[in-house]
Amino acid sequence: MDSCIFCEIGKHHIPGKVIYEDEMCMAFLDLSQTTDGHTLVIPKKHFHDILEVDEKTLSHMMNVVQKVAHQLQTKLDAQGFNIMTNMNEIAGQSVHHFHIHIIPRFSQQDGFNAIYTDRSKEIDLEAIYHRIMD
Ligand code: 5GP
Ligand code: ZN
């Protein structure tokens with residue numbers, strides 16, 4: 001599929017609360033607003049995910065992520081951010097057009113939870129390292 005809802009937002013065919021735009025990418029407010037200011041940065045061209053997008057677009061998008069995060073910090077008084085992308089349904093990707101979430105943080109009970117389980121006592125770190133490196 002090379003067209004989708006985010007392609008349509010990128011072309012202004014579907015309205016979005018756009019807070020940044022240039023010829024390559026766009027940042028707009030996520031409908032869900034998991035926290036105030038929750039923003040998505042998308043390339044205008046359709047790529048499925050972070051492994052598919054080309055390097056030039058990706059690095060430009062990361063510059064835009066930084067710029068928008070500065071804006072959200074200043075305007076909304078964000079105290080921190082979680083910046084993430086989900087790839088494939090197993091990781092929670094529901095819109096199959098590459099996007100980077102900018103989630104401003106205001107407190108530890110502000111609506112977003114990133115839980116990293118500590119499995120260090122159960123796993124063999126050396127074995128995992130060798131699976132990756134050998
Ligand atoms: P994913 O789950 O793929 O990482 O994130 C997709 C995000 O897109 C979700 O947070 C969802 O709220 C948001 N979303 C889905 N459809 C629309 C839409 O039409 N407009 C906007 N602004 N956000 C959308
Ligand atoms: Zn698309």
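On a 1 Å grid over the protein atoms alone, a pocket is an open set of points where a 1.4 Å probe fits, with protein on both sides within 12 Å along at least five of seven lines; lining residues have an atom within 4 Å of a point. The model is predicted, so local features need pLDDT of at least 70 and side-chain atom pairs pLDDT 80 or more, while totals for chains, interfaces and linings use all residues. Residues are numbered from 1 along each chain as its sequence is written, chains are lettered from A and ligands numbered from 1 in the order in which they are written, and side-chain values use heavy atoms, without hydrogens and water.

**Exercise 1.** State how many helices and strands the protein has, and give their pattern.

Step 1. Helices (H or I, at least four residues) and strands (E, at least two) are taken as DSSP runs, numbered from the N terminus. The protein has 3 helices and 5 strands.
Step 2. Along the sequence they follow the pattern α-β-β-β-α-β-β-α.

**Exercise 2.** Describe the largest pocket and its lining.

Step 1. The pocket holds about 360 Å³ of space, the volume being that filled by probe spheres set on grid points joined across faces, edges and corners.
Step 2. Its lining comprises 22 residues; Phe6, Phe28, Asp30, Leu31 and Leu40 lie nearest the centre.
Step 3. α1 and β2 are the elements that give two or more residues to this lining, and α1 gives the most, with 3 residues.

**Exercise 3.** Identify what surrounds ligand 1.

Step 1. Ligand 1 takes up the space of the largest pocket; a molecule sits in a pocket if more than half of its atoms lie within 2 Å of the grid points.
Step 2. The shell (residues with a heavy atom within 4 Å) has 16 residues, the closest being Asp30, Asn86, Gly92, Ser94 and His101.
Step 3. α1 (5-10) and β2 (25-29) each supply at least two shell residues.
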